Protein chains: 2
Amino acid sequence: MEHLSETEQKIYQAATRVFIHHGRDGARMEDIAKEAGINKALLHYYFRSKEKLYANVFEQEIRKVVMDLFQSINLELDIQTFLHTFIFTYIDRLHQNPFVVQFMLWEMRSPNTLIREIFQKIFSDDQYSPPQKVVQKIQQAIKNRKIRKLEARHLLFNIIGMCIYTFIAAPVITTLFPELKVQDKSFITQRKNEIFNLIWNGIKP
Amino acid sequence: MEHLSETEQKIYQAATRVFIHHGRDGARMEDIAKEAGINKALLHYYFRSKEKLYANVFEQEIRKVVMDLFQSINLELDIQTFLHTFIFTYIDRLHQNPFVVQFMLWEMRSPNTLIREIFQKIFSDDQYSPPQKVVQKIQQAIKNRKIRKLEARHLLFNIIGMCIYTFIAAPVITTLFPELKVQDKSFITQRKNEIFNLIWNGIKP
DNA sequence: AGAATTTTTAACCAAATAGTTAAATATATT
DNA sequence: AATATATTTAACTATTTGGTTAAAAATTCT
């Protein structure tokens, strides 16, 4: 993203927080302005409209989602270490930005063609196609009989589903199991271990 | 729910569709009225306010979520059949009402005390505490050495996470893997099998 | 049949919210 | 120093949206 002025960056960061926490429909331009510590008119001076600001934020956050996946992949590792590294790193990165995935999934529900185009553009960039890389790594491991025969894409969905559930369902888990501290590092560490153990025990030859 | 007039039922059903697809903030009273085929003033005549209508809908939908879990549990089965039945039935029920879980998780994010109270009231009813029943069943199986030692609650989170990911991430899966028909029965059947196989292989002694 | 009550509607109001504007201020350029 | 441009603001406008109302119509009751 090209150089932004300090005010633009403040707006961008405030908008990101408000959009992620409230969704597009729940976000108020007045709230974004207050969060940024500026007059509301400046939002339109720099970004023209709520829709443009939102599209801007959505695109940057999708890039972060892709980067989180990308940074969790190390194709040089053997499959067991690969999956271990992927799960542990991915959950760590989700933990640092726990609301963005749910924001993305929620916004992707709407028949907003702009959002769909942004998403497709970012994920279809061949350099940034982490889901495909993970699927290919799994398929290769199956071919080399390092793991049992299975549908690679479904394994990917299963891994991602378990990892993100931790953060998406945090309010529900907290209500049903108040003794579990979903924000604590120990809970997160246990999640990682339970997920990896289930995965590895479930697919090893 | 006590007897409703035909108009009230039409309003309720329309409101459910609009709230579930758009969320509370994205739902418009005018849209609900149009969907119900009535004048907007009737919404207020019967339900007093958007907030009351929303709370009513949220409560009924949470009851459905609880019922879906409840109907997927059969404690008389051995652990392997229990998990198989739970996963297959739960996914079937999610498939029939694929948007409600994401609606619930999204709305549970907001610091809306009314929503939290509704949720807690429904899930804490001892008769309807499906998550606890699943956890207890798993703990008993561990104790009886029917499955390996693990944290029962985390296994529950893993199962639920994989099942609901199918529907929550449908727009994303469709974009990344267009050849996968996420609405097709064959995809759903494969999801069930892959999830169960991963689970059982991952926890059997 | 007439009265009472309930249901429904078109029209309207009040509040919320995105967006705009004229002017002031700050910064950059000549 | 003067001018041009960029940034910022208070105040405002336009539109959206939840909610209200008076009256008509339908239904129920006596």
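How do the residues of the surface near DNA strand D divide into nonpolar, polar and charged? They comprise six nonpolar, five polar and six charged residues, where Ala, Val, Leu, Ile, Met, Phe, Trp, Tyr, Cys and Pro count as nonpolar, Asp, Glu, Lys and Arg as charged, and the others, Gly among them, as polar. This is a predicted model, in which local features need pLDDT of at least 70 and side-chain atom pairs count only at pLDDT 80 or more, while totals for chains, interfaces and linings use all residues. Residues are numbered from 1 along each chain as its sequence is written, and chains are lettered from A and ligands numbered from 1 in the order in which they are written.

**Relation of the two chains**

**Contact between chains A and B**

- In chain B, 41 residues are in contact with 39 residues of chain A, contact requiring C-beta atoms, placed from the backbone, to lie within 7 Å.
- At least two residues each on the side of chain B that touches chain A come from α1 (6–26), α6 (100–107), α7 (113–124), α9 (152–168), α10 (170–176) and α11 (185–203) of chain B, helices being DSSP runs (H or I, at least four residues) numbered from the N terminus.
- That side of chain B has 23 nonpolar, 11 polar and seven charged residues.

**Surfaces near the DNA strands**

- Around DNA strand D there are 17 residues, of which A:Asn39, A:Ala41, B:Met29, B:Ala41 and B:Lys50 are the closest; a residue is near a strand if its C-beta atom, placed from the backbone, lies within 6 Å of it.
- Around DNA strand C there are also 17 residues, with A:Met29, A:Ala41, A:Lys50, B:Asn39 and B:Ala41 coming nearest.
- With four residues, α3(B) gives the most to the surface near DNA strand C.

**Packing of α1(B) and α4(B)**

- The axes of α1(B) and α4(B) (residues 50–71) come within 10 Å and cross at roughly 95 degrees, the axes being lines fitted to C-alpha atoms over the stretch in contact, with angles running from 0 to 180 degrees between N-to-C directions.
- That makes α1(B) roughly perpendicular to α4(B), a term for angles of 65 to 115 degrees.
- B:Ala15, B:Thr16, B:Phe19, B:Ile20 and B:Arg24 of α1(B) make this contact with B:Leu53, B:Tyr54, B:Val57 and B:Glu61 of α4(B).

Conventions:
Two residues are in contact if their C-beta atoms, placed from the backbone, lie within 7 Å. Angles under 35 degrees count as roughly parallel, over 145 as roughly antiparallel, 65 to 115 as roughly perpendicular and the rest as oblique.
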